Amino acid sequence: MNRLSRSEQLFQQAQRYLPGGVDSPVRAFKAVGGTPLFIKVGQGSRLYDEDGNEFIDYVCSWGPLILGHSPPRVVRATRKAVERGSSFGAPTELETTLARMVCEAVPSIEMVRFVSSGTEAAMSAIRLARAFTGRNKVVKFAGGYHGHSDGLLAKAGSGMATLSIPSSPGVPASLTSDTLVAAYNNLEEVEKLFTSFTPEIAAIIVEPIAGNMGVVPPRPGFLERLRSLTRESGALLIFDEVITGFRVAYGGAQELYNISPDLTCLGKIIGGGLPIGAYGGRKDIMEMVAPSGKVYQAGTLAGNPVAMTAGIETISVLREPRIYEKLEGKSSLLERGIIEAAGAAGVNIQLSRVGSMFTIFFTGGAVRDYGTAARADTELYAKFFHRMLSQGIYLPPSQFETSFVSSAHTDGDIQATVDAAGKSFTTLRALSRD
Ligand SMILES: *Cc1c(COP(=O)(O)O)cnc(C)c1O
């Protein structure tokens, strides 16, 4: 068992000054119970907390750290950048360099605008889609997350997919009334929405691989039909690749599935661990963004030279040969090990994985959308999480999140994780409900 006295003390102090003691809710461990670890150092695949405990990290800052913590090349360049000045509020060459790298990696992106978070990227892409089409309604999927802007904090209303309701107090129903919600992977529901609302639908926004209800891959044909439906109806297709961009392939999920959206949202990896977001796509659409067009969107720290530098260096490393094959190799090793360990212990899990993103769902049934993901036994997950944590493995503190393998994870890390999972599953067997 880890000693947590300093984390406990720091969490107490934090709660005096920060709501819930954190700056983003999932960090507070509410879904699994216990005290969040206060982190002191990250190095490679490892996290070190304030009590001196060491963990193999599969959160990786929720996705950005595909190279692991503090990769030397990124740290060196970022340090130099900050010495030259941390922000100018004026253009730098770095922005063009990163923009060119993004456009070359993702062919559907002809022009790009950098912002400071994924939330801003999705919010701005939707504003642009509405301006371009002259329509107001947006289709999203239940369990899909596109940041916390008002219009996207909507969930399916009871009974009908066509009535969405705000998923947070403080969001007026009037601001989600143009958001239509369908079940992920459910083309019937999407087609129904288009039958009823086509002249009003500006865009579909979708995580091409869902990552915010745990990992849920698209069924064959799902993304293809979203592409053809939007094309036929004059709506835009927006891929939210804030997680999947540069994660599942150098060109993101759109390279993996060979589908070209009109607009793409990026974030996380493209900032190399610093705050960033970006949206980009067809030139005729992007040219509507101010100042070349009339769609207003701005940011004091947008295109920040330190974040640009961390992004450029991270993406440069990702161009090295075989890096995605190696990530796939380690991730599939982990997948096989965990499935075998669960099988040997007689615990029902579904391991859902695309490349280096995965989720261990504690359910016997197939997971294809939010409804089926939500059948997972969250109490069993919480027990598994704490058993893993006590063996030095740091997983996401919620069943409905994505775990990430980085290039810094070694085969030894993977083996240690599989061994720990085996021990954890064995002690869970007695508690498993199905
Ligand atoms: C993380 C995430 C966002 C929001 O990005 P922030 O930088 O946290 O604002 C948007 N979309 C998806 C798919 C994400 O995973």
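Predicted model: local features only at pLDDT ≥ 70, side-chain atom pairs only at ≥ 80, totals over all residues.
Residues are numbered from 1 along each chain as its sequence is written, and side-chain values use heavy atoms, with hydrogens and water left out.

Helix 13 (residues 378-390) and helix 14 (residues 411-428) have axes that come within 9 Å and cross at roughly 135 degrees. Helices (H or I, at least four residues) and strands (E, at least two) are DSSP runs numbered from the N terminus; axes are lines fitted to C-alpha atoms, for helices over the stretch in contact, and angles run from 0 to 180 degrees between N-to-C directions. Helix 13 and helix 14 are therefore oblique to each other, given that angles under 35 degrees count as roughly parallel, over 145 as roughly antiparallel, 65 to 115 as roughly perpendicular and the rest as oblique. On helix 13 the contact (heavy atoms within 4.5 Å) involves Leu380, Lys383, Phe384, Arg387 and Met388, and on helix 14 it involves Thr417, Ala420, Ala421, Ser424, Phe425, Thr427 and Leu428. Seven of these residues are nonpolar, three polar and two charged, where Ala, Val, Leu, Ile, Met, Phe, Trp, Tyr, Cys and Pro count as nonpolar, Asp, Glu, Lys and Arg as charged, and the others, Gly among them, as polar.

The largest nonpolar core comprises 37 residues, and those with the most contacts inside it are Tyr58, Phe362, Phe384 and Phe425. Such a core is a set of buried Ala, Val, Leu, Ile, Met, Phe, Trp, Tyr and Cys residues joined through side-chain atoms within 4.5 Å; buried means under 20% relative accessible area, exposed over 50% and partly exposed in between (1.4 Å probe, protein chains only). Two or more residues are supplied by each of strand 3 (54-57), helix 11 (323-345), strand 14 (357-361), helix 13, strand 15 (393-394) and helix 14. Helix 13 provides the largest share, seven residues. Beyond four places in sequence, the residues touched by Phe362 include Leu380, Phe384, Phe425 and Leu428.

Met357, found in strand 14, is buried at a relative accessible area of 0%. Leaving aside neighbours within four places in sequence, its contacts include Ile209, Val215, Ile243, Arg247 and Phe404.

Contact residues include Ala77 and Ala81 of helix 2 and Thr309 and Glu313 of helix 10. The contact divides into eight nonpolar, four polar and two charged residues.

Local backbone features occur in loops. The peptide bond from Ala290 to Pro291 is cis, with omega near 10 degrees, and Pro291 lies between helix 9 (283-286) and helix 10. Ser70, not a glycine, has a positive phi of about 40 degrees; it lies between strand 3 and helix 2 and is partly exposed at 31% relative accessibility. Lys268, likewise not a glycine, has a positive phi of about 45 degrees. Lys268 is placed between strand 11 (263-267) and strand 12 (277-281) and is partly exposed at 25%.
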